[in-house]
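Here is a short briefing for a first look at this structure. Keep the sequence and the 3D view open as you read.

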Amino acid sequence: MLRSFPSPPKKREVLLFAVAFAFLVVLFDIFNFRESLSSSLSAAFFRQAVDLSGDRETWRIHTSWPTDQDVIPQTNIVLHAPGWTIFDNLYVMNGTVFVVTEKPETIPPRKLLTSTGIEIKNGPVMEAARVPTDREMRIISVAEARELFGSGASLVDGVTWIVNDPPQFIPHYYHWTAELFLGFWRTYSSLDPSISESGDTILPAPRRMWFVHLDADRWRDPARLNQWMLRSTFPSVTMEFSNDWDDRAQLGKVFLLDRAFLSDRAAAKEGPHSKKVGRPLAEACSLPGTPYWWSPIARNIVKFSGLSELPDTGPPVITYISRQTSGRRLIDEDHALLVEALYALEDEYGYEVNVVSMEKLSREEQMQLAVRTTIMLGVHGNGLTSLVWMRPSKHRTLMEFYYPGGFTPDYQYTAYTVGVNYYGWWDNVSFTHENLPRKAYPKGFHGSQIPIDGVAVAKTCLEILQT
């Protein structure tokens with residue numbers, strides 16, 4: 001019987017076997033390497049965790065007072081001006097703010113601290129409707145706190161900024177920056193008398209903003225400058241809105257805020273300084289402050305806008321913010337003559353002159369231009385808000401054009417607050433911080449026939465820069 005034997009392997013089969021075997025060897029080595037690397041890394045991380053165990057942070061999420069002998073933290077007012085108040089140990093429960101104190105006589109009247117947060121309108125009926133009740137704020141004793149809060153509270157650490165304003169003004173670049181933020185920082189900066197010209201401060205940034213009456217879709221302005229302002233100055237801040245406030249209220253639990261800054265436009269309007277000048281910001285400006293109080297905010301804007309530092313060299317910069325495509329604007333002929341007169345200064349004296357429409361510039365370009373500007377001029381309007389970023393200089397000046405007889409202190413008071421010189425113009429007549437007219441909105445205030453004497457304006461620019 002014939003027996004068959006397998007034929008010897010062909011060269012191709014031998015080669016394929018060798019390749020497959022080599023692949024398995026390499027794969028085995030990689031697996032072992034990964035296992036070794038993983039073990040090494042795990043050991044390293046474990047050793048690091050052990051090394052850091054001594055520095056481990058204890059989460060501060062709750063404080064308790066289970067017995068009558070345990071102390072309930074009392075609320076302390078660190079700093080106060082009507083509408084602008086800094087508290088330590090402020091309590092919030094069921095949507096109500098609680099001040100816990102054994103000395104209620106030391107607490108200012110509630111209407112100077114908060115309000116009902118409704119839309120701000122004139123008239124005795126609306127003014128009465130803004131007066132706060134126990135729904136908005138209660139001032140209670142320690143015994144009452146123990147009864148209401150039970151045996152403890154959830155902690156909210158760091159600085160919390162509570163904004164109790166209605167949505168009415170917030171989605172507007174001027175009101176957001178030149179009123180709300182300026183007022184916040186003017187008040188908060190009073191706690192640090194050592195703020196330097198370069199903007200160094202010991203103050204911690206706020207960790208969060210709580211908007212009691214504003215939803216998440218209504219804080220941004222059309223030009224998207226509100227978010228630029230916020231994200232550049234406080235990049236780590238978180239935001240909660242009216243639905244979040246309601247969420248916390250519906251939990252039925254008490255929250256203890258380490259430090260709370262409560263701002264309320266309606267409450268500020270009740271203060272004597274605000275009533276005198278017509279600006280809620282005036283109450284914050286009545287507090288002690290340093291010459292460089294605004295520097296930390298301005299420095300953050302400068303860096304966020306792509307500039308390494310405030311420029312201090314080069315020719316003076318004159319920036320005319322044109323509104324000729326808007327409803328409130330100069331007479332076309334006067335606009336043309338003003339531009340001609342300004343460029344004549346550039347030709348003769350070497351000044352840098354910019355004629356711009358802010359809406360045509362990117363946000364970064366707007367900020368960079370404002371920082372570099374020495375004299376800013378234009379018709380009353382939102383674009384003048386950027387005066388707060390102008391570089392520090394004895395020459396820095398805002399020139400604001402009005403229809404003759406018209407005036408409102410919006411930008412004048414903002415300029416005064418940040419140390420910028422001011423000229424208001426009625427055609428060929430000017431006025432300054434020292435001789436301001438009364439607030440008035442004559443017919444033509446918002447119109448397209450605002451006159452200006454461009455030659456007189458250019459002459460005044462020259463006088464300022466040559467002083």
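How much space lies in the largest pocket? About 1,000 Å³. The model is a predicted one.

**The largest pocket**

- The lining of the largest pocket counts 44 residues. Closest to the pocket centre are His172, Tyr174, His175, Asp410 and Tyr411.
- Four elements each supply at least two lining residues: helix 4, helix 8 (272-277), strand 12 (375-379) and helix 13 (410-417).
- Helix 4 gives the most to this lining, with 3 residues.
- By class, the pocket lining splits into 17 nonpolar, 16 polar and 11 charged residues.

**Helix 13**

- The buried residues are Asp410, Tyr411, Gln412, Tyr413, Thr414, Ala415 and Thr417. Asp410 and Tyr411 are also among the residues closest to the centre of the largest pocket.
- What covers these buried residues? The cover includes three helices: helix 4, helix 8 and helix 9 (281-285). Strand 13 (397-401) and strand 14 (421-426) are also part of the cover.
- Gly419 follows helix 13. The phi of Gly419 is positive, near 80°.

**Strand 12 and its partners**

- How many residues of strand 12 are buried? The count is 5 of the 5, so strand 12 is largely enclosed by the rest of the structure.
- Strand 12 pairs with strand 10 (residues 317-321). The two run parallel and are joined by 4 bridges.
- In this pairing, Ile375 of strand 12 stands opposite Ile318.
- Strand 12 also pairs with strand 13, again in the parallel sense, over 5 bridges.
- Ile375 has a bridge partner in strand 13 as well, namely Thr397.

**The enclosed cavities**

- Rolling a probe the size of a water molecule over the atoms shows where empty space is left.
- How many cavities of 30 Å³ or more does a search of the whole structure find? The search finds 2.
- The largest cavity holds about 100 Å³ of space.
- Its lining includes Trp84, Asp165, Phe169 and Ile170. His175, Trp176, Glu179 and Leu180 also line the largest cavity. Ser263, Asp264, Arg265 and Pro280 complete the lining.
- Helix 4 (residues 173-188) gives the most to the lining of the largest cavity, with 4 residues.
- His175 lines the largest cavity and is also among the residues closest to the centre of the largest pocket.
- The lining of the largest cavity has 6 nonpolar, 2 polar and 4 charged residues.
- The second largest cavity has a volume of about 50 Å³.
- Lining the second largest cavity are Lys111, Thr114, Ser115, Glu127, Arg130, Val131, Ala266, Ala267 and Glu270. They divide into 3 nonpolar, 2 polar and 4 charged residues.

**Strands 4 and 5**

- Strand 4 (residues 96-100) and strand 5 (residues 137-140) run parallel, joined by 4 bridges.
- The chain crosses from strand 4 through helix 2 (residues 124-129) to strand 5. This β-α-β crossover is right-handed.
- Val97 stands opposite Met137, a residue of strand 5.

**Ile118**

- Ile118 sits in the loop between strand 4 and helix 2.
- Is Ile118 buried or partly exposed? Its relative accessibility is 31%, so Ile118 counts as partly exposed.
- Ile118 touches Met126, Ala129, Arg130 and Pro166, leaving aside residues up to four places away in sequence. Of these contacts, Arg130 also lines the second largest cavity.
- Ile118 and Pro167 are 49 residues apart in sequence. In space they are 8.9 Å apart, C-alpha to C-alpha.

**Ser295**

- Ser295 lies in helix 10 (residues 295-304).
- At 16% relative accessibility, under the 20% cut-off, Ser295 counts as buried.
- Beyond residues up to four places away in sequence, Ser295 touches Ser196, Glu197 and Gly199.

Definitions and conventions. Residues numbered from 1 in each chain as written. Predicted model: local features only at pLDDT ≥ 70, side-chain atom pairs only at ≥ 80, totals over all residues. Heavy atoms only, no water. 1 Å grid on protein atoms, 1.4 Å probe; cavity = no way out; pocket = protein on both sides within 12 Å on 5 of 7 lines; lining within 4 Å. Points joined across faces, edges and corners; volume = space filled by probe spheres on them. Nonpolar A, V, L, I, M, F, W, Y, C, P; charged D, E, K, R; others polar. Pairing = 2+ DSSP bridges. Right-handed = clockwise from strand over helix to strand, strands pointing away. Buried < 20%, exposed > 50% of the residue type's maximum accessible area, 1.4 Å probe, protein only. Contact = heavy atoms within 4.5 Å.
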